[in-house]
Amino acid sequence: MTANTTPDNPEFQQLSRAVAAVEELHQRIQNNTRRHENHLQLCRVQKLLKGRKTKVLAAGRWYIREGWLKVVPTKGADAKPKMFFLFSDMLLQAKPCSALHPTDSDKFSGQHAYPLRECAVEKVFGNTKGKGGLLSLTFPKAKLLLMSSNQEDFNDWYQSLTSAVRKLQPRSTVVLQREDLNQQPLGSAPDGHNLPSSSSHANRKRNMVNNEPGELAQRAAVEWESSAPKRIKEATTEHSSEVSTSSCVIL
């Protein structure tokens, strides 16, 4: 109706507001549906894990995908299949429980939770015409080599991992910018922040000339030379404390 109504029509404004209200309501329903489905996925994965040590339910966490991948060891041993659950902020590695377990035979035991914030994803080999490929995931304290023999599954894992890591990169960029801003006081100190202004320096020089030119001028020069390194040292100490408090530790 809005498309077939001219703007000069008295009912055009009311129709436009009605369309905007319906679109907003539709978007709100879609967002609530996505959040509900994501919550169900997180609860499902949590029930698949044995015990309560591994916490999957967390605010702001989104489920992406899951599947089997072979972990290639660095020492030349045989590659072992592991179950991986990919979320928006971490990659969870798990192994199946023993089939002889009376209650947890169909569950998994969480082994490692790798944060994606500082993860580097690299495709070692694998193309669209091959049979699978090898992925390299580098973390601050670990490195994973994951292999898949299914080309479609391999491509989907690569795209999902790179997309999840890319969405977390802007937060790391903000931290780097804060560290750069904390370094500015050292560079801006010689511009006049800790040094006396020209007017105050001229007044001090005029007072020294009027009182005792020789002795006072020599004493003021000695005091200025001894206090300047102290002020620079204090500025350096304050800067080092600010940098130490802004460091981020990722568990």
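Start by selecting S148 and D153: their side chains are joined by a polar contact of 3.4 Å. Polar contact here means a pair of N or O atoms within 3.5 Å; within protein, one must be able to donate a hydrogen and the other to accept it, and residues adjacent in sequence count only if both atoms are side-chain atoms.

A word on what you have open: this is a predicted model, where local features need pLDDT of at least 70, side-chain atom pairs count only at pLDDT 80 or more, and totals for chains, interfaces and linings use all residues. Residues are numbered from 1 along each chain as its sequence is written, and side-chain values use heavy atoms, with hydrogens and water left out.

**Stay on S148.** A polar atom of the S148 side chain also lies 3.3 Å from the backbone nitrogen of N150. S148 counts as buried because its relative accessibility is 8%; buried means under 20% relative accessible area, exposed over 50%, and partly exposed in between (1.4 Å probe, protein chains only). Now show what surrounds S148: leaving aside neighbours within four places in sequence, S148 is in contact with L69, K131, G132, G133, D153 and F154. Contact means heavy atoms within 4.5 Å.

**Next, colour the strands.** S148 is found in strand β7. Helices (H or I, at least four residues) and strands (E, at least two) are DSSP runs, numbered from the N terminus. β7 and β6 run antiparallel, joined by 6 bridges, and they form a hairpin with 4 residues between them. Two strands pair if DSSP finds at least two bridges between them. Pick S136 to find its bridge partner in β7, L145.

What lies on the other pairing of β6 described here? Strand β5 (residues 120–125) pairs with β6 in the antiparallel sense over 5 bridges, and F125 stands opposite L134 in β6. Of the 6 residues in β6, 5 are buried.

**Then select the largest nonpolar core.** Such a core is a set of buried Ala, Val, Leu, Ile, Met, Phe, Trp, Tyr and Cys residues joined through side-chain atoms within 4.5 Å. Of its 19 residues, F84, L91, L116, L137, L144, L146 and W157 touch the most other members. At least two residues each come from β1 (63–71), β2 (80–87), β6 (133–138), β7 (143–148) and α2 (151–182), and α2 gives the most, with 6 residues.

**Zoom in on W157.** Not counting residues up to four places away in sequence, W157 touches R65, E66, G67, L69, F84, L86, L91 and L135.

**Last stop.** A second, separate core has 12 residues, including V45, L49, M83 and M90.
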